[in-house]
Amino acid sequence: MSTFIRNTAIMGIEQFDVFVIGTGTAGKSVARECVKEGLRVAIADKREFGGTCANRGCDPKKVLLGLTEIIHRAEKMKGKGVTKMPEVSWSDLMEFKNTFTGAVPAATENDLEALGIKMYHQSPKFLDENTLSVEGKTVKAKKIVIATGNKALELPIPGRDLPIISDDFLELEELPDSMIFIGAGYIGMEFAHIAARFGVDVTMIDAESRPLNNFDEDMVEYLQKASEDLGIKFIFNAQVKEIEKLQTNYRVKADRQGKEISVKAKLVVNAAGRVPSIDELDLEKGNVDFSKKGVIVNEHLQSPSNKNVYACGDVSASEGLPLTPLSSQEARIVAANILNKNRDKTVDFPPQPSVVFTLPNLASVGLNERQAREKAYDFVVEMKNAPEWFNAKRINDDYYAYKTLVDKKTGLILGAHLVSAEASEMINMFVMAMCGKLDCETLKRMIFTYPSWAGDIKFMV
């Protein structure tokens, strides 16, 4: 039971044991755990309650992907059993998507209200280390949890207000004939694939020399080829300098190795990346240190400069990737430390898988070759594109590639990188093997179902 003081009003200032900023996966998890232990909890969000993943991120994106999987499979099987491509409707798909997202904000608020959590609909600002200003009120909290997530990076160029962002893409009533994506990271690639499969003429511009700079270069090359097969055009080594609104199009100007180039399209999407959503919090007044990566935290996910503040999820500058499963894990750490005064929980990240939900999927876990060399491992690399393997061949897929890194001394998997129709599921088998410290010989002796994608991992190590 908490030993916190529960004065609810001192000189008109409302008091809380815990004040959570952000209602996504991380924030609402901390709030629920703390209120269940008898603490007085408040939570605030400037946007609709429920956070990015459920409202405008992972979940609705995956719903759209579902239909493109059908389009992709039908196209690949045309003449091999499929005689006519299915008719598709973007508007019907968006209505279906809304059945997943429409009820999220109200349902989230109802759940929080039923737990007795006080809700605010504004981004708070720090006044001092334990005091916030929100909705014109001043509140104090013994502990403050920042779980505001990330937001789209604003382009520092003329015309920055002209492109849409991923939030807007998920609300488009109809698709244009052509689109330009600024940025070929995972968000840009995923939405570009969705648009292209609905017949949109897609061009991607990126300042780097290739897409998905954080993923294995060899695997990305396969995905780039698959994207080009789909009709997506890439312009690399191009720094966007300006966006203009023309009569019926938008024009994007870029500097490509000293030469100005321009591209026109009906719509432009800013997919240049995401940054911590902290600019409205006045963190300096709360003595909360931060960096470009987010709120600086220690091993307890606690601010070293203000011990009353914790940060979890995408906004924390921890070693965790900005992914929903990591947000949940960090939330558990923060809640436990608030309740137990840091006696128990320090952050410890297991192997973290990451997926690009294009078709084919690109998935990765563990080390890449450069990282393995930097850590002085003596390792062997297995790499192949295997469209002749049964699982790829039966769906007539051209891209089924893998690269695995195995420690020669221990036989343990150091990293796995996959491109396939089911890479997002297959990568979880590698996660289990790495977390369970299963060596390759142990994996090879296991009996898996046949024919199945999971069973193929025995031949990849």
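**Helix packing, step by step**

Modeller: Helix 1, residues 25-36, packs against helix 9, residues 324-340, with the two axes 8 Å apart and at an angle of about 30 degrees. The model is a predicted one, in which local features need pLDDT of at least 70 and side-chain atom pairs count only at pLDDT 80 or more, while totals for chains, interfaces and linings use all residues. Residues are numbered from 1 along each chain as its sequence is written, and side-chain values use heavy atoms, leaving out hydrogens and water.

Helices here are DSSP runs of H or I with at least four residues, strands are runs of E with at least two, and both are numbered from the N terminus; an axis is a line fitted to C-alpha atoms, for helices over the stretch in contact, with angles from 0 to 180 degrees between N-to-C directions. Helix 1 and helix 9 are therefore roughly parallel to each other (under 35 degrees; over 145 is roughly antiparallel, 65 to 115 roughly perpendicular, and the rest oblique). The crossing of helix 1 and helix 9 is right-handed, the near helix being turned clockwise from the far one by less than a right angle.

On the helix 1 side, Thr 25, Ala 26, Ser 29, Val 30, Glu 33 and Cys 34 make the contact (heavy atoms within 4.5 Å), and they meet Thr 324, Ser 327, Ser 328, Ala 331, Val 334, Ala 335, Ile 338 and Leu 339 of helix 9. Sorted by class, this contact of helix 1 with helix 9 holds 8 nonpolar, 5 polar and 1 charged residues (nonpolar: Ala, Val, Leu, Ile, Met, Phe, Trp, Tyr, Cys and Pro; charged: Asp, Glu, Lys and Arg; polar: the others, Gly among them).

Another pair is formed by helix 3 and helix 4, residues 90-101, whose axes come within 9 Å and cross at roughly 145 degrees. Helix 3 passes helix 4 in a right-handed crossing. Helix 3 brings Pro 60, Val 63, Leu 64 and Leu 67 to the contact, and helix 4 brings Trp 90, Leu 93, Met 94, Phe 96, Lys 97, Phe 100 and Thr 101. The contact of helix 3 with helix 4 is made up of 9 nonpolar, 1 polar and 1 charged residues.

In the segment after helix 13 (440-445) lies Pro 451, which a cis peptide bond joins to Tyr 450, with omega about -5 degrees. Asn 396, in the loop between helix 11 (390-393) and strand 23 (401-407), has a positive phi of about 60 degrees although it is not a glycine.
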